[in-house]
Amino acid sequence: MAAILEPYIYEGGVHKHSLITELLEDLGGYLIQKVPAATEVTLVMLIPRGDVHLIEELGTKLLGKLTRAPLTGTEIAVVSPTLASHHLPHSACDVAEYLRRGGANTNMLGLARGMGRRVSLSDNYERKLINEHDLAVFSFGTFSDCIKNKKPKLLEGVIVPKIVTGGPRDLKTEDIANADMYVGGIGRVAHRLRKSGELDSLDGMNEKVIEVVEKMREDLAKDPLAVLPARVMKEIHEQIPEIFNVLSPAPVTLQLDGLRVKLPYEQFHEKVEKLEFDEGVRLSDMAAITLSKMKNYILVKIKRESEVGFTA
């Protein structure tokens with residue numbers, strides 16, 4: 001039976017941080033992302049649940065800090081109604097920044113151009129792009145009437161969980177059609193959200209997002225994936241060396257049920273499909289590999305054990 005992996009972030013000095021990654025590999029964990037910055041380094045990891053204390057003890061010896069990051073391994077869309085200055089950037093950027101602190105990879109999406117809510121999502125391309133993510137957080141502004149009566153149209157056709165943020169604190173989730181959750185206190189402002197009440201609202205939003213993600217993980221546990229996305233990422237690193245030439249952040253971005261590989265689809269989709277595993281199976285036997293709506297990246301969606309009849 002595969003070990004249960006827990007998401008953590010290690011922050012410490014560059015000096016001897018390789019001891020952490022070597023121990024993680026010996027324990028059967030996965031390094032998701034490594035971000036060096038001058039003399040410091042941040043490691044995003046999945047650690048076997050029973051061995052977390054070993055990493056924590058070593059990290060303490062190296063004067064580093066290990067923090068649980070429950071959103072690790074998720075890709076979240078932060079959606080603004082338009083790219084106009086009255087919708088971006090402040091609150092939406094703060095939302096994305098707070099989600100990243102929880103370990104998530106975030107993508108900022110501004111719907112349509114110019115005409116805003118009247119034409120946004122009229123092109124099915126935007127809807128499909130949002131649906132490639134694990135979930136979407138919509139930033140809907142300040143006015144109750146707008147949030148309740150006009151903006152819900154933007155949620156139509158989006159099949160991933162939808163969390164709506166807005167300024168009014170007295171609104172409820174059931175007031176907003178098609179929303180799965182509403183978080184108040186995050187409205188349209190002309191400054192960064194730094195006041196105590198504003199930061200409390202962002203903390204509350206993270207808690208709600210974590211709640212949704214944990215429920216999604218519970219659903220996945222009932223019918224597990226044929227292979228862990230983190231293991232596919234490891235095989236990509238070992239079998240497709242061109243991935244190390246990618247300059248985009250997170251060249252292989254994990255999702256709860258798949259990955260986004262930031263290599264050109266036309267050139268590399270066959271290599272991804274032919275990834276070999278020790279069990280004698282290929283990735284194409286366990287996953288659907290398609291052209292992503294984001295640039296020309298490769299989108300991998302892993303099938304469930306019940307669908308393929310085995311796990312790798």
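Trainee: At 3% relative accessibility, does D94 count as buried or exposed?
Mentor: Buried means under 20% relative accessible area, exposed means over 50%, and partly exposed lies in between (1.4 Å probe, protein chains only). D94 is found in helix α3. With a relative accessibility of 3%, D94 counts as buried.

Trainee: What average pLDDT does the protein have?
Mentor: This is a predicted model, in which local features need pLDDT of at least 70, side-chain atom pairs count only at pLDDT 80 or more, and totals for chains, interfaces and linings use all residues. Residues are numbered from 1 along each chain as its sequence is written, and side-chain values use heavy atoms, with hydrogens and water left out. pLDDT is the predictor's confidence in each residue, from 0 to 100. Of the residues, 93% score at least 70, and the protein's average is 88.

Trainee: Which element has the lowest mean pLDDT?
Mentor: Helices (H or I, at least four residues) and strands (E, at least two) are DSSP runs, numbered from the N terminus. Strand β13 (residues 298–302) has the highest mean, 97. The lowest mean, 85, belongs to helix α3 (residues 90–101).

Trainee: Which residues does D94 touch, not counting those up to four places away in sequence?
Mentor: Contact means heavy atoms within 4.5 Å. With residues up to four places away in sequence not counted, D94 touches H191, R192, L193 and L202.

Trainee: Which strands stand at the edges of the open five-stranded sheet?
Mentor: Two strands pair if DSSP finds at least two bridges between them. The pairing in this sheet is parallel, in the order β6-β5-β7-β8-β9. Two strands have a single partner each, so one side of each is left without a neighbour in the sheet: β6 (105–110) and β9 (181–183).

Trainee: By what angle are neighbouring strands of this sheet turned against each other on average?
Mentor: Axes are lines fitted to C-alpha atoms, for helices over the stretch in contact, and angles run from 0 to 180 degrees between N-to-C directions. For this average, direction is ignored, and the value is 25°.

Trainee: At about what angle does helix α4 run to β6?
Mentor: Helix α4 (residues 124–131) lies across β5 (75–80), β6 and β7. Its angle to β6 is about 165°.

Trainee: How many disulfides are counted?
Mentor: A disulfide is a pair of cysteine sulfur atoms within 2.5 Å. C93 is in no disulfide, and its nearest cysteine sulfur, that of C146, is 20 Å away. C93 is partly exposed at 31% relative accessible area, whereas C146 counts as buried at 12%. The count of disulfides is zero.

Trainee: Which residues does H17 touch, leaving out those up to four places away in sequence?
Mentor: H17 is found in the loop between β1 (5–13) and α1 (18–27). H17 counts as buried, at 11% relative accessibility. Beyond four places in sequence, H17 touches K34, V41 and L43.
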